[in-house]
Amino acid sequence: MKTIAINNYNIDAKNFVVSCNNQKVGCVETATKITQLSKKTFGIFEWLKFYAIDLLADIFQSFKEKQFTIVKLHAQKIIFDQNKYLKGVEKVDRFVREHFEIVSKNVDHIHEAEVICLGETHETLSHMLRNAQLIDALGEPNDLILVEHDETRKERSDQARFVRKPIEVKGWDKRDPELMEELAAAYDINPNDVIMQILFGDKPTDRTEEVDAILQKIVDNLPERNESMCKTVEENSCPGRRIYVISGQGHLKPPTSLVKDGINLEGQKRAFDETLEYLKTKKYAILVPHDEKPRLRLWGLGGG
């Protein structure tokens with residue numbers, strides 16, 4: 001998870017002074033900061049030169065000017081990289097404001113989150129594209145994508161199929177296979193489509209009392225599935241890694257009412273509340289894409 005501390009540099013050419021966070025800095029401090037922020041390294045003779053110049057700059061004007069020249073050069077590189085980084089941060093934040101509903105977060109900027117939960121309406125192309133675009137903008141090689149897939153079952157989720165960066169993908173889900181098979185048999189179609197239509201969508205679907213009973217069991221099972229989500233996040237968390245959790249938005253949003261079309265949604269509310277309680281132990285953001293058509297310039301956000 002790439003995050004850098006922003007330092008306030010000031011270059012006073014008139015007095016041959018460079019300050020960082022209102023403190024005068026010399027060659028050694030600035031070279032140390034460069035090595036912390038980039039892959040650049042200095043040889044032993046360069047370090048000896050930096051120490052010598054810093055020592056002599058307090059005595060001789062010529063060395064003070066030489067110190068200033070070296071420090072200014074490195075400070076300008078740090079300032080350039082900071083400005084580039086901040087522009088990227090603002091670009092991501094603006095993209096999120098324009099294209100996502102922010103359900104909940106405890107960070108000022110999305111890039112600060114250790115866990116980013118991305119809701120979707122299953123099989124909605126614009127949702128999958130927007131989620132993938134955000135992951136590509138932020139993703140680092142050590143990051144992890146968790147999708148709504150049960151690792152003990154053969155079928156695989158395609159929720160991350162539009163992510164272009166080579167980021168590892170695992171499943172977080174824990175399904176009750178009997179319930180899913182009952183629902184699939186009742187409708188002879190993908191059970192996920194039925195759940196989304198009835199519980200979280202606007203499309204009417206013919207139902208029977210038998211199907212309603214199955215749906216109620218599925219809703220009641222949501223807390224257990226979300227518990228598996230949180231457990232998987234915890235097991236795979238490590239310093240410097242950002243985890244993206246993709247799921248149906250019903251896992252990541254509280255219901256607008258506790259009953260919908262005869263289905264008691266207490267299970268959905270409890271699943272959300274318990275998930276939110278866990279996420280608050282992390283730096284997190286819960287985002288759900290707006291329903292929209294993706295722009296043709298899909299990959300314009302950046303991120304490689």
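User: At about what angle to β1 does α3 run, and across which strands does α3 lie?
Analyst: In this predicted model, helices (DSSP runs of H or I with at least four residues) and strands (runs of E with at least two) are numbered from the N terminus. Helix α3 lies across β1, β2 and β3, where contact means heavy atoms within 4.5 Å. With axes fitted to C-alpha atoms, for helices over the stretch in contact, and angles taken from 0 to 180 degrees between N-to-C directions, α3 runs to β1 at about 145°.

User: Which residue in β2 stands opposite Tyr-9?
Analyst: Residues are numbered from 1 along each chain as its sequence is written, and side-chain values use heavy atoms, without hydrogens and water. Local features need pLDDT of at least 70 and side-chain atom pairs pLDDT 80 or more, whereas totals for chains, interfaces and linings use all residues. Strands β1, β2 and β3 form an open antiparallel sheet in that order, two strands being paired if DSSP finds at least two bridges between them. As β1 and β2 (residues 17-20) are joined by 4 bridges, the residue facing Tyr-9 from β2 is Cys-20.

User: Is α2 parallel or oblique to α3?
Analyst: The axes of α2 (residues 44-57) and α3 (residues 61-99) come within 8 Å and cross at roughly 130°. Angles under 35 degrees count as roughly parallel, over 145 as roughly antiparallel, 65 to 115 as roughly perpendicular and the rest as oblique, so the relation of α2 to α3 is oblique.

User: How many nonpolar residues does the contact of α2 with α3 have?
Analyst: From α2 come Phe-50, Ile-53, Asp-54, Leu-56 and Ala-57, and they meet residues of α3 that include Phe-63, Ile-70 and His-74. Ala, Val, Leu, Ile, Met, Phe, Trp, Tyr, Cys and Pro count as nonpolar, Asp, Glu, Lys and Arg as charged, and the others, Gly among them, as polar. Beside 2 polar and 3 charged residues, the number of nonpolar ones is 6.

User: What is the handedness of the crossing of α8 and α9?
Analyst: Helix α8 (residues 222-236) and α9 pack with their axes 8 Å apart at an angle of about 15°, and are therefore roughly parallel to each other. A crossing is left-handed if the near helix is turned anticlockwise from the far one by less than a right angle, and right-handed if clockwise. For α8 and α9 the crossing is right-handed.

User: Which residue in β7 is the bridge partner of Ile-145?
Analyst: An open sheet of 6 strands with mixed pairing has the order β4-β11-β5-β8-β6-β7, and its edge strands are β4 (100-105) and β7 (168-171). Strand β6 (residues 144-147) pairs with β7 in the parallel sense over 4 bridges. Within β7, Ile-145 has as its bridge partner Val-169.

User: Across which strands does α8 lie?
Analyst: Helix α8 runs at about 165° to β8 (243-248). The strands that α8 lies across are β5 (115-120), β6, β7 and β8.

User: Is Lys-282 buried or exposed?
Analyst: Lys-282 sits in the loop between α9 (266-279) and β11 (284-289), and its contacts beyond four places in sequence include Glu-114 and Glu-234. Buried means under 20% relative accessible area, exposed over 50% and partly exposed in between, with a 1.4 Å probe and protein chains only. Because its relative accessibility is 15%, Lys-282 counts as buried.
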